[in-house]
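This report goes through selected local features of one protein model. Please keep the coordinates open while reading.

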Amino acid sequence: MTLAEKVNLTTGTGELMGPCVGNTGSALRFGIPSLCLQDSALGIGATDNITAFPAGITVGATWNKALAYARGVALGAEARGKGVNIQLGPVVGPIGRKPRGGRNWEGFGADPVLQAWGGAETVKGIQANGVIATIKHFIGNEQEAYRMDIIPHGLMKAISSNIDDRTLHELYSWPFAEAIRAGVGAVMTSYNDVNGSASSQNSMMINGILKDEFGFQGLVMTDWLSQIGGVSSALAGLDMAMPGDGAIPFLGLAYWAYELSTSVLNGTVPLNRLNDMVTRIVATWYQLGQDQDYPLPNFSANTADPTGLCYPAALFSPTCVTNQYVNVQADHAKVARNVSREAITLLKNVNNALPLSTSASLKIFGSDAENNPAGPNACNQRSCNTGILGMGWGSGTANYPYLDAPIDAIKRKAANVTYYSSDSFPSGLTAAAGDIAVVFVTSDSGENQYTVEGNDGDRSSSGLYTWHNGDALVEAAAAKYATVIVVVHTVGPILVENWIDLPSVKAVIFAHLPGQEAGDSLTDILFGEYSPSGHLPYSIPVAESNYPSSVSLLGFEFFQVQDTFSEGLYIDYRYLNKHSIAPRFAFGHGLSYTTFSRTSATITAVTALSSTPPARAPKGSTPMYSTSIPPASEVAWPTGFNTIWRYLYPYVDDPESITATNTFVYPAGYQTTPQPDPVAGGDQGGNPALWDVMFTISVKVTNTGTVAGKDVVMVFVQYPSDNPWDTPIIQLRAFEKTDTLAKGASEVVTLQITRKDLSIWDVVSQNWIIPVSKTAPFLFWIGDSSANLTLACESLTKICSGGRVSPVVVPV
Ligand code: NOJ
């Protein structure tokens, strides 16, 4: 490839300079088109005829790996059908460290193992279609406010997520490592700094952790407009600048594009580094088979019109066919509905208030039951909370092809329904005996470029309370009706203390963010055609103050907001357990219409424990190319070339005048000799021995109730009591969902515990260490939430027994 072709592939053509949210240049001589990068993690963003899938947090609440995969397959099929080369999802960062964090709902839950499974299965599903998935945002993207530099860089830097090495490994990077092991093709960096260095040019994070230790072979791109330097980001390991613009978009200025050509010609950026960027991009493209019959984009994220400007941000743009309205939905509504239904989490159900009879007299309250009267897509990127809440707001959204509102689905099933379309309780209502009130409430959040009802992305103004006075609506209904069912559509945990113990609040359902299938998926559960099997992907605390102040939102600070992750490994249930604070509903909690027993647990040692893993294999060789600086003519403007003003090109005026000056002052510590192989590395994701199975645990699950249902078996590990490292009392390490078990039916569920599951990240030796003890066992707690743990297996005696005292505090 010429220098121009190489640079083309590394740099976006500029914001609004192509059909997709990101578009690279091309290398047409090799059949490589301009690559289309498009959101989102729940559907193909900003286009038509697609499926608006349930959000990541909803997938997490299913605890169903096969469903996560199936949704990924459907997402990828739609991306391919629209001609998307690189899909900008899934999200595993934020993890949900801050309960108010704006984008937690795009990921799968506040635990690294749950998050990792959601991410890895989605990656595999998307990539099964030949679409390159992007795991994002690397790393520490836990709050929306102050996430970006205020231009120009340096006036006020993006928030710095200050994360210690052990916490980085055991919590925040865990899901990224698992996605890399699953073969993800792309990683997106985050807006925030990590430990004071911008994520887009953080050599420790990109070169060190992602590429060297985790063995990531694909491409690393910036988040949009977060590149802050050209040479610095190239040297730090960045491979693709998105959407390509420099500090200020729409001016035709870039840190890379023509500047990268210049830096290679003048010897500042080693040609090897550019070759590495391009190898990663092209190899990923080939690996996913995109050289074979891959469609070009047939839509425009910029307009819904059939024809329009090819480059809306250009001063003078040619006109293109912008949208062909290709329908890519196939039968994906089914998988969307399956996920939304299986996520539905029954938190409380007194006297079997649920399921409802279709002949019951139902009084439905709350605007969350109906569609936004202006249409489900009335607000740009769902930046309003009007009507049924099916997704949060921001780039992590898609347009609804339709939104099946709960009230419509309820009316389709039940005969006797009255709907009060308001968030205020109507005056003068009298409840008749037998009336059942169903109250719909919400809590919303999203991305920082929109402020919705005072919430700047994070739930800064609403806190963890329901929006639109939802609590008052529940309380008013509870004052009138003997039976109240509360249905919550929410981005994350809410506080339920104002009403949870009211005697008439008989049942509470979290339906999370269900996407387009909000209605039928809910009525499947409400009327008992299916038994609920969702489980909380986070804890519901009694009060926000139960958590440490370090996980609160941070406000303005001069120069840079410092977000120090001082709670370390102790987020969500890990923190509550450590401080013996009873949650209202524990992480993993979820009821069913049936009951399950878990019996005959056994544990088998598969691999003998050793404190350190077997040594990794040495690094293989890397592709070698010529290192001589290419002829300057390779980036000269082609003769007769018709430029589009503001489009980012690799070409340079008078390239022959650029000579290797070597006057660039490299950062202290810059070196070109390879680092020693990291002991924890060795393959995609890390040392492959980390995935050696140490124990298998099996348990027989029997449906002991009266209706069919699915159970989730979770295994939480408790480290040996003489473990010298300060470690959470219990940590989720494995889980499986059963098939549908008919009344009386059983299934033996087998779970695997790997070396990594038993290891601590030792910051001194930079390795994963198992605290092997001759006298104190690992305990493997088996249950269906972090607080329902009375059955355990021991690593030394291999005894499994029930009736034990819970290792952690139980709910209030
Ligand atoms: C910014 C968001 O943080 C990222 O998730 C998204 O993919 C890009 N914008 C492109 O829309």
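**Basis.** This is a predicted model: local features need pLDDT of at least 70, side-chain atom pairs count only at pLDDT 80 or more, and totals for chains, interfaces and linings use all residues. Residues are numbered from 1 along each chain as its sequence is written, and side-chain values use heavy atoms, with hydrogens and water left out. Helices (H or I, at least four residues) and strands (E, at least two) are DSSP runs, numbered from the N terminus.

**Salt bridges.** A salt bridge is a side-chain nitrogen of Lys or Arg within 4 Å of a carboxyl oxygen of Asp or Glu. The count comes to 40 salt bridges. Three of them are tabulated here.

| Pair | N to O distance |
|---|---|
| R97 and E567 | 2.6 Å |
| D524 and R337 | 2.9 Å |
| R147 and E144 | 3.4 Å |

R97 forms a salt bridge with E567. The pair links distant parts of the chain, 470 residues apart. R97 sits in the loop between strand 3 and helix 4, while E567 sits in the loop between strand 18 (560–564) and helix 15. Both R97 and E567 are buried. Buried means under 20% relative accessible area, exposed over 50%, and partly exposed in between (1.4 Å probe, protein chains only).

The side chains of D524 and R337 also meet in a salt bridge. D524 belongs to helix 14 (residues 518–526) and R337 to helix 11 (residues 332–343), so the pair ties together parts that are 187 residues apart in sequence. D524 is buried, at 0% relative accessibility. R337 is partly exposed, at 25%. Both belong to a network of salt bridges that links R337, R341, D404, R412, K413, D520, D524 and E529.

For the R147 and E144 pair, both partners are buried: R147 has a relative accessible area of 5%, and E144 has 1%.

Contact means heavy atoms within 4.5 Å. A polar contact is a pair of N or O atoms within 3.5 Å; within protein, one must be able to donate a hydrogen and the other to accept it, and residues adjacent in sequence count only if both atoms are side-chain atoms.

Where is R574? It is in helix 15 (residues 572–578). R574 counts as buried because its relative accessibility is 1%. Beyond four places in sequence, R574 touches D111, P112, L171, L569, P728, I730, Q731 and R733. Its side chain reaches the backbone oxygen of L569 at 3.4 Å.

S395 lies in the loop between strand 13 (361–365) and helix 12 (406–413). S395 is buried, at 13% relative accessibility. Its side chain makes a polar contact of 2.7 Å with that of E447. Leaving aside neighbours within four places in sequence, the contacts of S395 are D39, S40, R103, Q381, E447 and Q449.

T466 is in the loop between strand 15 (435–443) and helix 13 (470–480). T466 is buried, at 9%. Not counting residues up to four places away, T466 touches V441, T442, D471 and I494.

Helix 1 (residues 3–10) is mostly covered, with eight of its eight residues buried. What covers them includes helix 9 and helix 10.

**Backbone geometry.** Two cis peptide bonds deserve a look. The bond from G89 to P90 is cis, with omega near 5°. P90 lies in the loop between strand 3 (86–87) and helix 4 (112–127). The bond from L354 to P355 is cis, with omega near 0°. P355 lies in the loop between strand 12 (345–349) and strand 13.

N351 is found in the loop between strand 12 and strand 13. N351 has a positive phi of about 50° although it is not a glycine. N351 is exposed, at 67%. D293 has a positive phi of about 50° too, and is not a glycine. D293 is exposed, at 75% relative accessibility. Its loop runs between helix 10 (271–287) and strand 10 (307–309).
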